[in-house]
Amino acid sequence: MMAQRFEWTATLLWLVLLALGGLLVTSASLEIASVRYGGALAFAARHGLYLVVSIVTFLAVLMVPVVHWRRLGPLAYLGSVVLLLAVLVVGREVNGSLRWIGFGPLTLQPSELAKFGLLIYLAHSLTRHQEAVRSSLWGMVRPLAWLLGPMALILAEPDLGSVVVIMAAAGGLVTLAGARLRDLTLVVLLGGVLVAAAVYFQPYRLARFQTFLNPWADEFGTGYQLTQALIAFGRGEWFGVGLGEGLQKLFYLPEAHTDFIYAVLAEELGALGAFLVLAMLVVLVQRGLAQGRRAELRGDFFAAFLAYGAGFLLAVQVLVSLGVNTGVLPTKGLTLPFLSYGGNSLVVSSALVALIARVAWENDQAPAPPGQSRGESAL
């Protein structure tokens with residue numbers, strides 16, 4: 001089925017990152033799994049299961065023609081809302097948050113699945129109303145307004161990080177859809193006010209923000225997680241202490257195998273290893289944007305928005321996760337795509353790469369636009 005010019009760059013980077021993530025999760029979780037979960041490989045084994053599910057999901061999404069995703073736009077929105085409502089009713093509470101629905105040993109995180117579902121809806125809506133998006137404030141706001149309900153449900157879990165990721169990606173999509181600068185500016189300012197209010201009126205979020213400004217003021221209290229992450233970066237220096245040889249994961253750095261996996265990577269593989277992984281993630285995102293541009297040039301705006309949106313979702317999550325790990329952003333629980341422990345994030349991120357690969361394949365099957373040869377990238 002696959003054309004000769006398959007999107008090998010994104011696919012190979014995805015596989016390399018999956019393999020590296022498996023090694024890092026194993027390294028970062030051995031001690032905590034051994035002490036608290038009865039076996040050193042408890043997290044590694046479950047992560048391995050999700051790796052298999054992620055690969056199967058990648059192949060399944062890759063086989064679905066883009067036109068079918070367009071038809072599923074309204075259903076993807078409805079399914080996302082139903083799952084987000086369900087988690088508030090029957091969800092499993094962990095650390096004060098209702099974010100997971102349990103299925104025996106496995107869990108479903110609707111906010112992660114909503115990223116994929118709402119991307120399908122938004123690409124569908126922007127394709128239908130692109131002229132309105134370009135010509136009026138209401139035309140631009142209307143697709144975003146439909147996201148307010150799902151965002152309110154995610155905030156109720158609470159999960160501000162996922163809201164920021166989805167809305168930032170949505171903002172990127174309406175920008176590429178041609179929204180006017182003055183309309184974008186107004187919406188961005190309003191969004192900034194809403195995020196500031198969400199932080200200010202929740203004491204734990206406000207405390208995190210204050211800690212972000214000076215984590216060393218309370219290094220054994222609210223600043224503990226960030227200071228331990230920064231110590232990991234310092235210990236790694238340029239070349240790292242060696243894979244598996246890090247110390248911060250030994251009960252010094254909380255959530256070492258999930259939210260702060262990048263700090264573990266920097267300690268064990270050094271700044272050079274951290275830069276290399278960042279470069280791979282950047283190239284992966286670039287492939288999504290490049291394939292989106294190619295689809296746009298051949299007139300398939302839905303495919304373009306799919307690829308653009310997949311790239312934006314991955315990019316924003318990477319930026320937030322790395323920003324939290326390095327102290328550039330306030331501490332927020334958010335996994336690093338492909339590398340952190342977290343099955344739902346792993347599966348959804350893999351599905352996003354599959355969308356990019358599918359759009360690339362259809363780009364190569366379609367006639368090239370005037371002045372551009374088949375397979376030539378616009379980026």
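Let's start with helix H5, where 17 of the 19 residues are buried, so this helix is largely enclosed by the rest of the structure. Please keep in mind that we are looking at a predicted model. H5 covers residues 110-128. From its first C-alpha to its last, the helix reaches 26 Å, close to the 27 Å expected at 1.5 Å a residue.

What does H5 meet? One partner is helix H14, residues 301-326. Two packed helices are described by the angle between their axes and the distance between the axes. Here the axes come within 9 Å and cross at roughly 145°, and the crossing is right-handed. On the H5 side, the residues in contact include Glu-112, Lys-115, Leu-119 and Ile-120. Across from them, H14 brings in residues such as Phe-301, Phe-302, Phe-305 and Leu-306, as well as Gly-309. Sorted by type, the residues of this contact come out as 10 nonpolar, four polar and two charged.

Now stay with Glu-112 and Lys-115 for a moment. These two form a salt bridge, with their closest N and O atoms 3.1 Å apart. Side chains of opposite charge can pair when their charged atoms come close. Why are the two separated by about one helical turn? Because Glu-112 and Lys-115 are three residues apart in helix H5. An α-helix has 3.6 residues a turn, so residues three or four places apart point the same way. Are these two buried or exposed? Glu-112 counts as buried, at 5% relative accessibility, and Lys-115 is buried too, at 4%.

Arg-298 is partly exposed, with a relative accessible area of 23%.

Let me finish with a residue in another helix. Leu-148 lies in helix H8, which runs over residues 148-155. At 52% relative accessibility, Leu-148 counts as exposed. If you look for Met-167, you will find it 19 residues from Leu-148 in sequence and 9.4 Å away in space, C-alpha to C-alpha.

How values were computed. Residues numbered from 1 in each chain as written. Predicted model: local features only at pLDDT ≥ 70, side-chain atom pairs only at ≥ 80, totals over all residues. Heavy atoms only, no water. Helix = DSSP H or I, 4+ residues; strand = E, 2+ residues; numbered from the N terminus. Expected span 1.5 Å × (residues − 1). Buried < 20%, exposed > 50% of the residue type's maximum accessible area, 1.4 Å probe, protein only. Salt bridge = Lys/Arg side-chain N within 4 Å of Asp/Glu carboxyl O. Axes fitted to C-alpha atoms, helices over the stretch in contact; angles between N-to-C directions. Left-handed = near helix turned anticlockwise from the far one by under 90°. Contact = heavy atoms within 4.5 Å. Nonpolar A, V, L, I, M, F, W, Y, C, P; charged D, E, K, R; others polar.
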